[in-house]
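This report describes the fold of one chain and its contact with a partner chain. The sequence and the structure come first.

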Amino acid sequence: MLTKGLPFYTILLPNLLKFNAMFFQQIINGLTVGGVYALIALGYTLVYGILELINFAHGEIYMIGAYLGIIFLGIFTAAGLTEYSLLLSLVLTFIMSTLVCSAYGFTVEKLAYKPLRNAPRLNPLISAIGVSIFLQNYVMLTQGATDKVFPHVIPVTIIEFSNVTMTTLQLFIIIVSLLLMAGLHLFIMKTKTGKAMRAVAQDKIMASLLGINIDRIISVTFIIGSGLAAVAGLMVAMYYGLVNYSIGYLVGIKAFTAAVLGGIGSVPGAMIGGLVLGLIESLGAGYLSSEYKDAYAFIILIIILLVKPTGLLGKSEGPRP
Amino acid sequence: MKKLIFMFWCALLTLPFMGIRGAAYLFFGIAVSYGFYVALANMFGKIKKPDLPVNMKLLSTALIIFSFALPFLVRDYYTDVAILVCIYILLALGVNIVIGFTGLLHLGFAAFYGIGAYSNALLTTALGLDFWSALILTLILSSLAGFLLAFPSLRLRGDYLAIVTLGFGEIIRLVLNNWDSVTRGPNGISNIPSPVILGFEISSLKYYYYLVLLFMLSAAFIVKRVQRSRTGRAWLAIREDETAAEAMGINTRKYKFMALTFGAFWAGLAGALFASKMHFVSPESFTFMESVFVVCMIILGGLGSVPGVIFGSLILVLLPELLRDFQLYRMLALGAGLVLMMIFRPDGLIRSRQ
């Protein structure tokens, strides 16, 4: 038996060592993409935790965030602010697009989901699909169907150590997403609003009896989720340099997969799920086949839902919906 | 005042995307059209909606006669559109069995449609079979695909099922797109032959229209009969309350299998007819939007009602063809329409009687 097992190791190990550089390269790429997935997955998981609704339009909110980043940076550049101070203009872009994107999330909830809160469960889902189609075509009609280019204003330096390269932008994305996740965790655990959010997620009726304004909490949830998606969209626009009106759909599904992978409704789960999905995707693209890169997320999703529907960190309480 | 603030808020939101002038136009546009709406509602609000007694039997007979006479009344272009309508009705009938009757929100029906189209295309071009034997194999294949996908749906409910089926649809599309050696990737398969009956090739639009129409009418008839059978009632019971249905002794597993297999069967038929009509298939025709489009049809018409499905497909295929100038705004209206339907009329335009 041992002799049968031997060739396997003797072939695999040197190969792994030889491709070590590639391995670490894919890890870095995976963490970058994974951080973005995690930020979007947080929006899904927060909304699902409270409303038990798959917010199909969340991917579109992320796409709108990316567009807003390009638009606002364009405005600031035209106004001469970027020449004056690049940092200031970038910070303002981040703030403005997050704010407007949160406003979009807030409005979508008020218009399309709130009237359906007591309807059968499939109705809000279909409404969400409608919102998603609407927003996609709205952006296509107002901004054109061609790719938009992110202005080349950010100087990118490449950090290199032993064949593994990492751009400052990648480092920036990883750090920002980790910081935002930590911030969100603190917000949910420590503040009064965060506590109220957890209470509403556990039991809506009880929470409202205890004097929590449910409508307000749901709005806050949508605002936070959309803000995180806006930051993710902006960073992706900076990273790839190109934005299209249809990017929201696929990334949205992948981020949802990440949320399910980590256990939907669980905030740390979404963070871990996003990072794991990013790693799986870039390692799969590096070692298996890059053509089916987009299919990995769906395959993982189906396997997870069939084998362990509660995800990595989800609680298994009561019957599943 | 509150409504004015709301309009202003909407205009403000669109400001970065449409510029100052666009947002201002939008604001005044919404305000003026809302004013019109209020004025009209005040004028006509008091008139009660007429409750038209419609004789369904007479109406459907008239419609069927009209549909048979259609190719002689209109230009070839409209016959072409009518063929497309019939194919979509077939597809929507299949989706309706799963979503409308059984209540399983399935968002990957384009996959069965695609499997039907591709297997017909491959069997006729690569293996050289004739249309009819290929059709039989295609129907078996697509039903089998539906049967296999029923396994996950036994364990999942509601929105989880929606997501899994969506993923399934995307995987099939990616396979069609990337499996170059068989499906020729994004280039698609061309030169799919027309069907032949008794040595007579059905290549002209008129004859093909009659073929598709016959398939569509028989499908509508069969689905309607099945809906009223024991099976159909079991499906309805599952839709209304799965736990209660199980408690009443309905084998929910079996009936879910049946619903998905039966639904996939019609989708496969629609796909096969689509392939031999177009003489060309490519993965582009089987995207997620296609699935959503069909779901829109049955929601517009009314979930679970066969006349509703036919009506919904008719509207959603015909309207974009008639309003060519507004092609760009089609999807925008579709998205907004879905939300509005869900809020104001979740049962669809034609309510099913159950």
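What share of the 354 residues of chain B counts as buried? In this predicted model, 44% of the residues of chain B count as buried. The secondary structure of the chain consists of 14 helices and 4 strands. Among contacts in chain B with a separation of 6 or more, 78% join residues 24 or more positions apart.

| Property | Value |
|---|---|
| Span of the C-alpha trace of chain B along its principal axes | about 70 × 50 × 45 Å |
| Radius of gyration of chain B | 22 Å |
| Distance between the C-alpha centres of domain 1 and domain 2 of chain B | 37 Å |

The radius of gyration agrees with a compact globule, because 354 residues in that form would give a value near 20 Å. The domain assignment places residues 1–51 of chain B in domain 1 and residues 56–344 in domain 2.

The largest nonpolar core contains 200 residues, and Leu90(B), Leu91(B) and Val212(B) have the most contacts inside it. Helix α3 of chain B, residues 76–101, gives the most to this core, with 16 residues. Leaving aside residues up to four places away in sequence, Leu91(B) touches Tyr113(B), Trp266(B), Ala267(B), Ala270(B) and Val294(B).

The contact between the chains takes 41 residues from chain A and 33 residues from chain B. On the side of chain B, the elements giving two or more residues are α1, α5, α6, α12 and α14. The largest share, 11 residues, comes from α6(B). By residue type, this side of chain B divides into 25 nonpolar, 4 polar and 4 charged residues.

Technical notes:
Residues numbered from 1 in each chain as written. Chains lettered and ligands numbered in written order. Predicted model: local features only at pLDDT ≥ 70, side-chain atom pairs only at ≥ 80, totals over all residues. Contact = placed C-beta atoms within 7 Å. Nonpolar A, V, L, I, M, F, W, Y, C, P; charged D, E, K, R; others polar. Domains from an automatic or database assignment. Core = buried A, V, L, I, M, F, W, Y, C linked by C-beta atoms within 7 Å. Buried ≥ 20, exposed ≤ 12 C-beta atoms within 10 Å, placed from the backbone. Rg over C-alpha atoms; globule rule 2.2 N^0.38 Å.
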